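Trainee: I would like to learn how to read the features of a model like this one. Please take me through it step by step.

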Amino acid sequence: MDEQKFSFSNTADAFDDHIGKSIRGYHDLRDDIVSMSKYFVEDNTSVVDIGCSQGSMIRRIRDANDQAPNARYIGVEINDAFQQHWESDTNLTYRIEDVRESDALTNMSLAISMFTFQFIPERDRLTLMQKIYDNLTDGGAFITSEKIFSNNAKTQNMLEFLYLDFKRKSFSEKEILDKETELRHLAKNTTENLLVTQLRGIGFRGVQTFWRNFNFVGVLAMKRPSE
């Protein structure tokens, strides 16, 4: 990566590679989500990737779920710089939209959001979570991953510096600092406890943290049929 100021648009040419170098275990997380998708994707439903960036994740999920040939796969992304990577197919489409206003979130058996909610204003998150829940089919799931804060200051300090050591393997200190500075007004991290509490409060069941690396987590939340 060159020394220009960080932005998502500036990294769009090779964003998957950039995130893979920024989050330890990122590719394992993606593999896990693809594997988990087979438990939820159903025919004649929609599968939506919220903040799809290069669009490779929703394509992988589509390719892995040949048991549902009539499912619709939709990638939603607000940044048009990622369009260069997209190639729509019969049952795979991409949209440049603000997910808060999108009508793509309907009749879903699965919705995923990889490190996207942390860039959505906190005042809008519960409303969007509720929209996802309301538009999932019974038995469907929402899989989300987020960067979080630790539960105590010492752990937060340790993990921040371990994470810094990891990033130094791929980025210069200037690149790391420039990115952190730029994300100050964009990223609004939550805590794992608050995230799980919000998901349960909306109605999700079987809420489970299934992946963790430093202060990054992957969480599965299911919509169970009413008893």
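**Reading the helices and the core**

Mentor: Helix α2 (residues 26-37) has twelve residues, and its first and last C-alpha atoms are 17 Å apart, close to the 16 Å expected at 1.5 Å a residue. The expected span is 1.5 Å times one less than the number of residues. Helices (H or I, at least four residues) and strands (E, at least two) are DSSP runs, numbered from the N terminus. This is a predicted model, in which local features need pLDDT of at least 70 and side-chain atom pairs count only at pLDDT 80 or more, while totals for chains, interfaces and linings use all residues. Residues are numbered from 1 along each chain as its sequence is written, and side-chain values use heavy atoms, with hydrogens and water left out.

Trainee: Which residues of α2 are buried?

Mentor: Buried means under 20% relative accessible area, exposed over 50%, and partly exposed in between (1.4 Å probe, protein chains only). In α2 the buried residues are Tyr 26, Leu 29, Arg 30, Ile 33, Val 34, Met 36 and Ser 37. They lie on the same side of α2 because they cover an arc of only 165° around the axis. That arc is taken over the directions from the helix axis to the C-beta atoms.

Trainee: What covers the buried residues of α2?

Mentor: Contact means heavy atoms within 4.5 Å. The cover includes α1 (15-22), α3 (56-64), β4 (108-114), β5 (136-149), β7 (205-213) and β8 (216-222).

Trainee: What is Met 36 in contact with, leaving aside its neighbours within four places in sequence?

Mentor: Its partners are Ile 143, Phe 210 and Leu 220. Met 36 is buried, at a relative accessible area of 15%. Met 36 and Leu 220 are 184 residues apart in sequence, yet their C-alpha atoms are 9.3 Å apart in space.

Trainee: How should I read a nonpolar core?

Mentor: In soluble globular proteins, nonpolar side chains tend to be buried together. A nonpolar core is a set of buried Ala, Val, Leu, Ile, Met, Phe, Trp, Tyr and Cys residues joined through side-chain atoms within 4.5 Å. The largest one here has 37 residues, and those with the most contacts inside it are Ile 23, Ile 33, Val 41, Ile 61, Tyr 73 and Phe 115. Its largest share, five residues, comes from α2. Apart from this core lies another, of 27 residues, including Val 76, Ala 111, Ile 202 and Val 219.

Trainee: What does Ile 33 touch, not counting residues up to four places away in sequence?

Mentor: Ile 33 touches Met 57, Ile 61, Ile 112, Met 114, Ile 143 and Phe 210.

Trainee: Where is Phe 115, and is it buried or exposed?

Mentor: Phe 115 sits in the loop between β4 and α4, and it is buried, with a relative accessible area of 10%. Its phi is near 55°, a positive value in a residue other than glycine. Asn 107, in the loop between β3 and β4, also has a positive phi, near 50°. Asn 107 counts as partly exposed, at 40% relative accessibility.

Trainee: How many helices and strands does the chain have?

Mentor: The chain has seven helices and eight strands. Of its 227 residues, 52% count as buried. Among contacts between residues at least 6 apart in sequence, 73% join residues at least 24 apart.
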